[in-house]
Every structure is written in structure tokens, then in C-alpha cells.
Amino acid sequence: MAVTKIWAIKDSLSRVVDYAANPDKTIYSDLQKIIHYAENGEKTVSGDEKACFVTGVNCNADTAYEEMHAVQKRFNKVGGNVAYHAYQSFKTGEVTPEQCHRIGVQLAKDMWGADYQVLVATHFNTGTYHNHFVINSVNMWTGKKFDCNKKAYYKFRDLSDKLCEKEQLTVIKNPSGKTPRSLYFAEKRGEPTKYNLMRIAIDYAISISLNQAQFRKALEKQGYIINLDPRLKYATIRSVNDTKNTRLYHLGEQYDREGIFNRMRENDVWIASEKYSVYIQSTKPKTIQPKKYVFKSSFSKTKKITELKALYLYYCYRLGYLPKKNQRKPLSPEMKQAWRKIDKISNQVRLISKHNLNDIIDVENFISSNNKQIIIVKQQRDKIYNKLRRCKDTDKISSLKSDRDVCSDTLKRLRTDNRVAKSILNDIDEIKSNIESEINIQHQRFSPTKQKRRELEYDR
């Protein structure tokens with residue numbers, strides 16, 4: 001299995017070469033340094049084992065920078081994208097250093113060998129064998145620059161997969177797209193993201209199931225619908241409140257159709273059966289008798305909470321954030337995922353309470369008022385800056401700086417309030433949708449069935 005990527009180097013050739021020659025350095029965009037990175041053979045895996053093999057394709061590894069730069073000067077193309085940096089990373093323990101380098105050199109020849117100069121370097125500094133490719137952006141025969149478009153990337157990836165298949169290495173069947181940075185690190189931290197919640201639900205369903213029927217039912221109780229139909233190309237999963245399916249391979253190999261079946265077969269029959277029975281019994285619809293309270297006063301005198309305040313308080317209750325001493329856990333995947341934004345929700349509630357924002361119109365007026373104040377405070381601060389430039393008196397300078405800092409703090413507060421207020425406007429629809437999703441799950445879990453309702457009516 002090999003993962004591939006290509007990106008452009010825009011400022012100079014030297015740092016790219018340096019990066020390829022020195023694995024411990026950060027990624028620069030200068031070709032000479034990246035070539036130096038690729039040529040550094042001092043890095044070791046353990047003991048005297050070399051962690052770096054370097055080969056030049058259409059150039060000498062020792063003089064790669066000079067030869068590439070000479071081609072650029074010949075065609076007067078030393079600016080713009082001076083080079084491209086690519087890598088090919090293999091699954092840990094799947095290849096030897098020599099095999100990794102051999103595949104990398106062949107890939108460079110297949111992809112660029114006829115027209116471009118390429119430096120291929122094999123490293124092991126990250127714990128897995130991987131190849132770096134430093135590609136001169138200028139064609140050594142025509143002077144035409146390499147067009148690194150999507151078609152070129154897919155060709156690079158396909159050639160890499162073919163070489164892996166030829167070497168009998170694993171190949172990623174369904175390559176995933178680029179994951180947003182915030183989501184990537186949230187998943188790394190184990191936060192309740194969409195995919196992480198799906199993985200948790202599937203893991204639990206597998207642990208208590210012995211067949212597909214039990215597995216589907218266990219997932220449905222957790223708020224998910226799964227489709228493992230072998231006639232379909234991809235197995236999918238979605239929330240019961242959602243209309244868009246997620247292909248299981250996006251969650252990882254062990255969560256695809258075959259991976260789920262294989263893990264289910266490993267279950268102990270008696271333990272899984274017992275767990276499944278207990279879980280199904282605990283999630284059976286039940287009638288909840290409402291509690292009775294005695295209120296010694298008049299409701300006409302109580303302060304009513306309406307509009308935004310009511311919506312957010314109810315949302316916090318459904319999330320399990322309120323009341324503090326009696327927290328409840330949300331059941332729907334959407335509400336579980338919303339816990340990632342609990343700090344943002346808290347800030348919104350504080351702003352609504354502090355400025356008595358009752359509805360959307362109040363929020364919009366609040367933003368408009370803040371914008372006017374921001375303009376006024378900025379003008380005041382600009383005047384202070386002008387006075388500071390001309391002022392010679394030390395005491396007055398200190399006073400002006402103090403006034404300037406007050407203006408800066410005020411601007412910071414106003415802009416923060418505006419940002420929170422705008423997030424309220426953007427999140428209203430999502431909040432209402434999440435509440436509806438949670439209510440649907442609650443009704444499925446705790447409302448009596450049709451038969452049970454008839455029995456209750458008959459008992460009366």
C-alpha cells in the first residue's frame with residue numbers, strides 16, 4: 001500500500017533539494033536545500049543501517065541542483081514553480097529499504113523519465129519507508145513547464161498502484177479525499193465527530209451481534225441505518241435522521257463489509273448472545289410516568305422565557321448540558337456530535353442572556369449597533385495614534401498609550417460579540433434540526449408501541 005502526493009515549489013530550487021537531503025528538517029520550498037535533504041545519507045534507522053538512498057533520473061544525484069538549475073537558465077525559466085515535490089509512502093513493515101527505493105526509481109522513470117530531471121530519495125525518519133521525488137519543473141528538451149493538474153496526480157497514483165500490485169503489495173481500493181484539518185485533528189483527539197461516532201456505534205454493535213439481523217438492529221437502536229447488501233458496490237451507513245449515506249470504507253478497512261463480517265465471526269456465542277439480550281431489553285419502548293410537583297404560587301407572576309432563550313435552554317437540556325446536577329446523555333448521533341461545539345453554545349447563551357436578545361431581529365440589530373460602535377472606536381484610536389506620533393511629553397505619551405489600549409480592548413470585545421452573534425444566526429437551523437432528531441430518537445426508544453398503547457387504553 002502506497003500513499004502519494006505532489007505539491008509545487010514556488011520560490012527557489014535550493015531548499016527543496018536540502019529537504020530531500022536532510023529528513024530532520026522542516027519542509028522548505030527552496031530546491032537546493034530539498035535536494036540536500038534527499039542526499040543526506042547520514043540518517044540511520046538503527047545502528048549503521050542507512051535510512052537514505054538517493055538516485056538521479058536524467059541527472060547525477062551529486063550534482064542534481066546544478067543540473068536542474070542549468071536547464072532552467074538555458075530556457076530562461078528560473079521563476080514561478082521552480083520544482084515539484086512528491087512523495088510515496090508505504091505501509092509500515094511491508095517493504096524493505098531496497099525494495100522501496102527500487103519502486104520509487106521505477107515510478108519516477110514511468111512518470112517523468114523521458115522529459116524531466118528527478119531526484120529520488122528514500123527515507124525512514126518517520127518510522128515508515130517513503131520516497132521523496134524532487135522534479136525539475138522545466139522539460140530538459142523543450143523548456144515547457146510540467147503541468148501538475150489533477151490528471152497528472154491521478155496518473156502518478158495509478159502508476160504507483162500498478163507497481164505495488166506487481167510487487168504483490170497491498171493497494172488502497174478506495175482512496176479517500178482530503179480531510180479538513182480541523183476534522184482530522186478532532187478525530188485524532190477522539191472527539192465525537194461524525195465518523196468517530198459511527199465507528200463507536202459499529203464497534204459496539206459488532207461486539208454484541210452474531211449475525212446481520214442482530215447487527216442491523218443493534219445499530220438501529222443507536223440511531224443508524226446500515227446497508228450491507230452484497231449486490232451493492234459499496235456498503236453504507238447513515239443516521240436515521242439523515243438522507244445522505246456514508247460509504248463504510250471511509251471509516252477504515254476494518255469497518256467495510258468484509259471487515260465487519262470477519263470481526264463478527266470472532267465473537268464468543270454465549271457472551272455475545274447475553275450482551276445482545278441485555279441491550280435489546282434495555283432499549284425496549286417503555287412508558288414513562290410523568291412526575292407530579294406542587295407549585296404554591298401563581299404562574300401569572302412567573303417570568304416567561306421565550307424565543308431564543310427558550311430555544312437555547314431547551315437545546316442545552318437535550319444535550320445533557322443542563323441541569324448541571326442531573327445530566328442526561330443525548331441519544332441521536334447529531335446531538336452527540338454537537339457536544340464538540342459546547343463551548344461555542346455556552347458563549348452564545350451568555351451573549352443572549354447578557355444583552356437580552358429575544359429573537360433574530362434583536363441579534364441583527366445588536367450586530368448593526370456593534371458595527372457602528374466599531375467605526376467610532378476605530379476613529380478614536382486613529383486620532384490617538386496621530387497624537388502619539390507628534391507627542392514629545394513622556395507623561396502624556398503614557399496616558400495616550402493607556403487610552404489606545406482601552407480602545408483596542410473595546411474593539412476586541414465588540415468584534416468577539418459580533419462573531420458570536422453571527423454564529424447564532426448561522427446555527428439556528430442546525431439547532432432546530434438537532435432537537436428534532438433527538439426527539440425522534442427519544443420517541444423510538446421510550447414511547448410505547450402501538451400494541452402497548454392499546455393495552456394501556458384497555459386498562460383504563
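## Cysteines

Cys59 is buried (under 20% relative accessible area, with exposed meaning over 50% and partly exposed in between, for a 1.4 Å probe and protein chains only), at a relative accessible area of 11%. Cys148, in turn, counts as partly exposed at 27% relative accessibility. The structure holds 0 disulfides, a disulfide being a pair of cysteine sulfur atoms within 2.5 Å.

## Basis of the model

This is a predicted model, in which local features need pLDDT of at least 70 and side-chain atom pairs count only at pLDDT 80 or more, while totals for chains, interfaces and linings use all residues. Residues are numbered from 1 along each chain as its sequence is written, and side-chain values use heavy atoms, with hydrogens and water left out.

## Aromatic pairs

A search of the whole structure finds 11 aromatic pairs. The rings of Tyr153 and Tyr154 have centres 5.6 Å apart and planes at 55°, so this pair is tilted. Here rings of Phe, Tyr and Trp (its six-membered ring) pair if their centres lie within 6.5 Å, and planes under 30 degrees apart count as stacked, over 60 as edge-to-face and the rest as tilted. Tyr153 is partly exposed, with a relative accessible area of 25%, and Tyr154 is also partly exposed, with 39%.

The rings of Tyr204 and Tyr279 have their centres 5.2 Å apart and their planes at 75°, so they form an edge-to-face pair. This pair links distant parts of the chain, 75 residues apart, with Tyr204 in helix α7 (residues 194-207) and Tyr279 in helix α10 (residues 269-282); helices (H or I, at least four residues) are DSSP runs, numbered from the N terminus. Tyr204 is partly exposed at 34% relative accessibility, whereas Tyr279 is buried at 11%.

## Ring cluster and a charge over a ring

Ring pairs also join Tyr84, Trp112, Tyr116, Phe133, Phe146 and Phe156 into a cluster. Elsewhere, the charged end of Arg263 sits over the ring of Tyr255, 5.2 Å from the ring centre, where the criterion is NZ of Lys or CZ of Arg within 6 Å of the ring centre and within 35 degrees of the ring normal.

## Nonpolar surface patch

Leu210, Val269 and Trp270 make a nonpolar surface patch of about 360 Å². Patches are made of residues with over 30% relative accessible area and no salt bridge, with nonpolar side chains (Val, Leu, Ile, Met, Phe, Trp, Tyr) joined within 5 Å and like charges within 9 Å. A salt bridge is a side-chain nitrogen of Lys or Arg within 4 Å of a carboxyl oxygen of Asp or Glu, and accessible areas come from the Shrake-Rupley method with a 1.4 Å probe. Leu210 lies in the loop between α7 and α8 (212-221).

Methods: Helix = DSSP H or I, 4+ residues; strand = E, 2+ residues; numbered from the N terminus.
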